[in-house]
Every structure is written in structure tokens, then in C-alpha cells.
Amino acid sequence: MNILVIGGAGYIGSHMVRQLDRAGHNVVILDNLSTGFSEAVTAGQLIVGDMQDRALVQRILGDHQIESVMHFAACALVGESVIEPAKYYQNNVLATLELLEAMRYCSVKKIVFSSTCATYGQPQIVPITENEKQEPVNPYGFTKLVIERALEDYSLAYGLNFAALRYFNAAGASPEGDIGEDHQPESHLIPIVLQVALGQRENITIFGDDWETPDGTCVRDYIHVDDLCTAHLLALERLETGDNLKLNLGTGNGYSVRQIIESCREVTDCDIAEVVGERRPGDPPKLIADPSLANNSLDWAPKYQSPKAIIETAWAWHKTHPNGYESDSK
Ligand code: UFG
């Protein structure tokens with residue numbers, strides 16, 4: 001199939017490009033490289049440009065006879081979205097609406113969209129099923145929910161076929177060790193803890209240890225990036241049947257910040273100093289997926305079942321790329 005991957009030079013998108021290529025698809029990547037890296041693109045044809053450029057997107061859809069779009073390009077930091085909501089409405093809502101219009105104009109009818117557990121806000125019931133109310137508590141989650149609703153409306157009105165995949169905490173790196181997580185500046189837990197192990201930071205600050213959780217620190221459902229991508233591949237195949245999908249992608253297991261730090265100590269065999277700081281605004285205490293629907297409807301199960309297995313792949317990447325992709329250019 002001819003597939004356009006928007007944001008394919010980013011963390012999750014680059015792992016997706018590799019899997020699509022290995023599955024025999026023809027991949028075209030559109031990325032403005034604002035947060036992505038050309039070095040992360042290991043297959044397909046990279047076009048550097050902006051998805052808000054409707055003429056460019058329409059040209060790509062037509063010239064490459066694109067049949068499906070996978071859309072990873074977004075701003076995805078909860079805290080930043082509170083401080084700078086305009087950036088999130090612009091990049092996550094307006095840009096995606098431009099994309100949907102370009103697809104409509106070119107009669108491209110299939111899209112896999114990166115949604116998030118942040119659309120659930122502070123869930124009443126954990127593990128979270130897809131039936132949980134979607135009441136986001138920050139602009140990031142809200143912008144993703146707006147697009148989920150737009151996809152439903154486009155589907156009803158124009159016959160668009162979509163999968164909205166609600167990620168929990170993506171983590172880890174390619175087992176080959178050549179592509180992985182590189183955010184500038186880094187804000188995610190596992191890369192930061194591994195930077196302490198590498199001696200690049202003095203310690204990890206735990207954002208609060210007085211939450212109502214077993215050890216007082218926040219609990220999250222960490223899922224390996226390759227497991228996420230496998231689910232995307234299966235979702236893409238399912239779109240062929242004409243179904244729309246809204247699925248949680250997680251492992252169903254939650255781990256606290258302290259448990260993750262301890263797993264990082266085991267994997268790296270390094271002392272990792274921790275300090276306890278203030279709670280981070282916008283953090284829900286506990287987010288764990290009920291992934292049954294994705295398990296059953298996609299016949300999918302994550303291969304990486306423990307934080308240790310996930311962190312081992314992240315560690316292999318960070319050790320060989322202490323400065324992320326910048327390490328490759330030296
Ligand atoms: N944390 C710390 N110290 C740090 C960094 C993180 O204690 O230095 C904690 C956070 O408070 C949180 C957990 O580690 O409890 C995980 O934090 P991340 O920043 O790694 O990930 P988030 O859970 O905040 O964010 C993830 C995705 C977002 C998505 C969000 C949904 O990265 O894209 O889940 O809540 F929106």
C-alpha cells in the first residue's frame with residue numbers, strides 16, 4: 001500500500017516507518033523537522049515540509065497515489081499545552097483539519113490518528129476502558145479529542161475511515177539501537193532517568209510522592225514503541241474492512257515513578273540519585289489502560305511486558321547516542 005506518514009521523523013513515527021517498510025508498504029514521509037530528525041528516517045522517501053501547506057499535501061497525495069495516511073505530527077507535552085495553548089490549537093487542530101481537507105479533496109479515505117489517554121482527563125475508573133468519559137483536563141488532551149470528533153463527523157458525512165489510537169506512555173527504542181527517543185529538551189521520565197545514569201544530570205526529581213497511590217508516586221502504563229507500531233499496522237489492515245476504530249493502546253499494567261527508577265537502576269547497574277519535588281500541574285495520579293478491546297479486535301498483545309524489557313532497549317539507545325541524533329553527526 002502507498003502510505004503517507006506525517007511526522008515520520010519523530011519518535012513514534014520513525015519506528016512506524018521502519019515497520020511499514022518491513023511489511024512491504026511504500027512509505028512517503030512528510031515532516032517539518034521541527035522536533036523530528038532526518039537521521040531517524042531509515043526507509044521511504046522523506047519530504048521536508050509542513051502539513052499545513054495544503055497545496056504540498058495535495059501534491060504528495062496525488063503524485064504518490066497515497067491510499068492511507070498515518071498522522072503522528074503533533075505537540076504532545078501536557079505542561080507546555082497549559083502555558084502555550086495557541087501552539088496546540090494551531091499545530092494539533094488547525095493543521096490536522098487542513099490535512100483532512102486535503103485528503104477529502106484527493107479522495108484519500110483512510111487515516112490512522114495518534115490520540116492519547118490524555119483525552120480521558122482524570123478517569124473515574126482505572127484501568128480505563130474506551131467507554132470512560134472523555135473529559136480532558138489540559139489543552140493537549142482537548143485538541144486530540146477535537147480531532148477524534150472531527151474524524152467521526154468526516155466519517156459520517158464523507159465516508160472517511162479512521163482509527164483513533166489512544167496511547168498510554170510510549171517508551172523504549174528500536175531493538176537495533178539505531179533509532180530512539182530524542183526530545184529537546186527532554187521531559188519524559190525514562191530518558192531523564194537514563195540521563196542521570198549517563199552522568200548528564202545529577203538526579204531525577206520525582207514530581208510528588210504524596211499522591212494516593214501505593215508508594216505515593218504517579219502510576220503510568222508504559223508501552224514499548226514497537227508494540228504501539230505493531231498495533232498501528234494491524235489497525236491499518238482493519239480499516240480495509242470499513243470499520244472505524246477507537247482503541248486504547250497500553251499493556252494494562254501500571255508502574256509508579258519509583259518502580260521505574262528502580263528498574264532503571266537494575267538495567268543500568270548505576271546509582272541513580274532521586275529527589276522529591278513538587279507535583280507537576282496537570283498530572284493525573286494513575287493512568288492504566290484496559291487494552292482488552294485492542295487485544296481482541298486487532299488480535300494484538302504487547303511483546304514487551306515488563307518495564308525492564310522496555311528500559312533495556314531505551315538504555316541501548318541512550319548509551320550509544322548520549323546526545324541523541326546529534327551523536328550520529330559527530
Ligand atoms: N515524572 C517525574 N519526574 C520527571 C519526569 C516525569 O516524576 O522528571 C513523572 C511524571 O510526573 C509522570 C510520570 O513521571 O507521573 C511520567 O511522566 P512523562 O512526562 O514521562 O509522561 P506523561 O505521563 O506526563 O505523558 C505521557 C505522554 C503524553 C500524554 C500523557 C497523558 O508523554 O504525550 O502521557 O497523560 F499526553
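Predicted model: local features only at pLDDT ≥ 70, side-chain atom pairs only at ≥ 80, totals over all residues.
**Entry on helix α5**

I began with helix α5, which covers residues 139-158, and checked its length against its residue count. At 1.5 Å a residue, its 20 residues should span 28 Å, and I found the end C-alpha atoms 27 Å apart, which agrees. I then looked up which of its residues are buried, and the list runs Pro 139, Tyr 140, Gly 141, Thr 143, Lys 144, Leu 145, Ile 147, Glu 148, Ala 150, Leu 151, Tyr 154 and Ser 155. I kept in mind that an α-helix has 3.6 residues a turn, so residues three or four places apart point the same way. For the buried residues of α5, I noted packing against the helices α3 (78-83) and α4 (85-105), and also against the strands β5 (110-116), β6 (161-167) and β11 (245-249). Just after α5, I came to Gly 159, which takes a positive phi of about 75 degrees.

I next turned to Asn 138, which is placed in the loop between β5 and α5. Is Asn 138 buried or exposed? With a relative accessibility of 6%, and with buried meaning under 20%, Asn 138 counts as buried. Leaving out residues up to four places away in sequence, I found that Asn 138 touches Val 78, Ser 81, Val 82 and Gly 282.

**Entry on the ligand**

I then asked which of the 22 residues around the ligand come nearest. They are Tyr 140, Thr 205, Arg 220, Arg 280 and Asp 283, and Tyr 140 is also among the buried residues of α5. Sorting the residues of the shell by type, I recorded 14 nonpolar, five polar and three charged. Both α6 (189-197) and β8 (204-207) supply at least two residues of this shell, and β8 gives the most, with four residues.

I also looked up backbone atoms beside the ligand. For Ala 76, a backbone N or O atom lies 3.1 Å from an oxygen atom of the ligand, and for Ser 187 a backbone N or O atom lies 3.4 Å from a ligand oxygen atom. A polar backbone atom of Thr 205 is 2.7 Å from a nitrogen atom of the ligand. Taken alone, the ligand exposes 680 Å², and the protein buries 91% of that.

**Entry on cis peptide bonds and positive phi**

Before going through the backbone, I reminded myself that most residues other than glycine have a negative phi, and that most peptide bonds are trans. Where are the cis peptide bonds that I noted? One joins Val 126 and Pro 127, with omega about 0 degrees, and Pro 127 is found in the loop between β5 and α5. Another joins Gln 184 and Pro 185, with omega about -5 degrees, and Pro 185 is found in the loop between β7 (169-171) and α6.

I went on to positive phi values in residues other than glycine. Gln 65 has a phi of about 45 degrees and is found in the loop between α2 (54-63) and β4 (68-71); its relative accessible area of 58% makes it exposed. Ser 107 has a phi near 55 degrees and lies in the loop between α4 and β5. Because exposed means over 50% relative accessible area, Ser 107 also counts as exposed, at 52%.

Notes: Residues numbered from 1 in each chain as written. Heavy atoms only, no water. Expected span 1.5 Å × (residues − 1). Buried < 20%, exposed > 50% of the residue type's maximum accessible area, 1.4 Å probe, protein only. Contact = heavy atoms within 4.5 Å. Near = heavy atom within 4 Å. Polar contact = N/O pair within 3.5 Å; in protein donor to acceptor, adjacent residues only side chain to side chain. Areas by Shrake-Rupley, 256 points an atom, 1.4 Å probe, with all protein chains shown as cover. Nonpolar A, V, L, I, M, F, W, Y, C, P; charged D, E, K, R; others polar.
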